[in-house]
Amino acid sequence: MAETTVAEKNAVRWNGEVDESAIQKIANMIRENNIQIVDLKFNDLPGLWQHFSMPVSELTEIDDPIKSIWAEGVGFDGSSIRGFQKIQESDMILVPDPTTAVIDPVCEVPTLSIICDIYDPLTKEAYTRDPRFIAKKAAAFVRKTGIATKSYWGPELEFFIFNDVRFDQTENECYYYVDSDEGEWNSGRAENPNLGYKPRYKEGYFPVPPHDSLQDLRSKIILTMIKAGIPVEVHHHEVATAGQCEIDMKFDTLVKVADKCMMYKYIVKNIARKHNMVATFMPKPLFGDNGSGMHVHQSLWKDDTNIFYDKNGYALLSETAKYYIGGLLKHAPAILAFAAPTTNSYKRLVPGYEAPVNLVYSARNRSAAVRIPVYTDNPKSKRIEFRPPDCSCNPYLAFAAMLMAGLDGVRNKIDPGDPTDRNIYEITGREAKKIPNVPGSLAESIKALQKDHAFLLEGDVFTKDVIETWIEYKTEKEIDALRLRPHPYEFHLYFDI
């Protein structure tokens, strides 16, 4: 077994130990890049990056790490962060993870960006609601089970880039407005001149420019990602009109790929803004066209061996992989409380828009919740793809929940049944009613999580306070908040009653 790193030792309790070799690399980065600002980033519970910055002079003791922020951390007010502490217990401490340091890809002032972990300043214990800590525990639990030594993750993030967005909610008014120069609804707009080439609804997949007006912008985005340490495989226009895009990064281990998801979204939003455009990862911003998902490829490995591969199995899948699928399908309603965690998520998860609403598995079939890609027979490439999640999730929590469900399937040998290789959307009548579906709303997913979360508590990966806080936050701040407000379409339906 490999030697335990300082980071692993400090995963549960902060002992003030530092990785001096990693810190020395940072010292070199600061000198070589004339760094003037250090930006410390961390994740709130719903999934938005938070940060604050300090002059690099605050790291003047970097050559003596025992006296630096690496050993002592930096205090902050946890009561001001969504899903964190109550006001009477607000003091928290951030401890920078030196292995995450990169030159900030969007700041004009030379800035070093570092992701932090969160600890209690009194007990020095890791904070149970720190999403990154939950992801670390999930990765460690894989090894504890003996099933595998690591998991690999390859999320495909989709998003829209618009030219304009406006929205408001008051006592007497509620509306949203988005616009795109690409939107088919602008095919007749006076643009002096209107040059056409507006991708038709559901026909935005893969056309070359000028239909794809965002080619250069996406290229600038991926070059920025590469500079920030995110290897990119491909970028392209997606199915919907009005600037739907996808950029695929290479797979990595759980915590690292979740870190990269956060940097990915940060870069997309900021590069779009620099070009006077706006990016959104909202799952369903347009009515009548495809929404944005986050298909998540995943596999389990023992050292250098992919244990999802079997040359004699269905679609080259091993028995372990099938049990993993069984766990995903069994626990999918509860998983989606974390992986499709907004009320808007369920406006995407409806039949007819390539949405994976059916809780079955299949090779190649994109109408199934779990798809097994068959592009190659290379053992190292064998993986499963869980398709219901979307980018509104907190990746640390969503990946951890998926992993715990899959491991529960393996540990309890949950049989996923036979694959469904037909187009499920064409199945009707009594046969269709036998096919289980994803929840129809966030409220349904939250109820599923209330009933089914024991698998998440295994290995103390998720804790009861995390589950309870998540349910309370989503119910009060989102489900009830939306339920209490009139919807604009209700005026169309009911005003003249």
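Over the ring of which residue does the charged end of Lys41 sit? In this predicted model, the charged end of Lys41 is placed over the ring of Tyr266, at 4.9 Å from the ring centre. A further lysine, Lys265, lies over the face of Phe281, 5.2 Å from the centre of that ring.

**Aromatic pairs**

Searching the whole structure gives 16 aromatic pairs. One of them joins Trp153 and Phe399 in a stacked arrangement, with 5.4 Å from centre to centre and 25° between the planes. This pair links distant parts of the chain: Trp153 belongs to strand E7 (residues 150–162) and Phe399 to helix H9 (residues 395–411), 246 residues apart. Trp153 counts as buried because its relative accessibility is 0%, under the 20% cut-off. Phe399 is likewise buried, with a relative accessible area of 0%.

Phe159 and Phe281 form a tilted pair. Distant parts of the chain are again linked, since Phe159 lies in strand E7 and Phe281 in the loop between strand E13 (278–280) and strand E14 (294–302), 122 residues apart. Phe159 is buried at 0% relative accessibility, and Phe281, at 5%, is buried as well. Phe281 is also the residue whose ring face lies under Lys265.

The geometry of the two pairs is set out below.

| Pair | Arrangement | Centre to centre | Angle between planes |
|---|---|---|---|
| Trp153 and Phe399 | stacked | 5.4 Å | 25° |
| Phe159 and Phe281 | tilted | 5.2 Å | 45° |

**A ring cluster**

Tyr152, Phe251 and Trp301 are linked into a cluster by ring pairs.

Key. Residues are numbered from 1 along each chain as its sequence is written. This is a predicted model: local features need pLDDT of at least 70, side-chain atom pairs count only at pLDDT 80 or more; totals for chains, interfaces and linings use all residues. Side-chain values use heavy atoms; hydrogens and water are left out. Rings of Phe, Tyr and Trp (its six-membered ring) pair if their centres lie within 6.5 Å; planes under 30 degrees apart count as stacked, over 60 as edge-to-face and the rest as tilted. Helices (H or I, at least four residues) and strands (E, at least two) are DSSP runs, numbered from the N terminus. Buried means under 20% relative accessible area, exposed over 50%, partly exposed in between (1.4 Å probe, protein chains only). A charge sits over a ring if NZ of Lys or CZ of Arg is within 6 Å of the ring centre and within 35 degrees of the ring normal.
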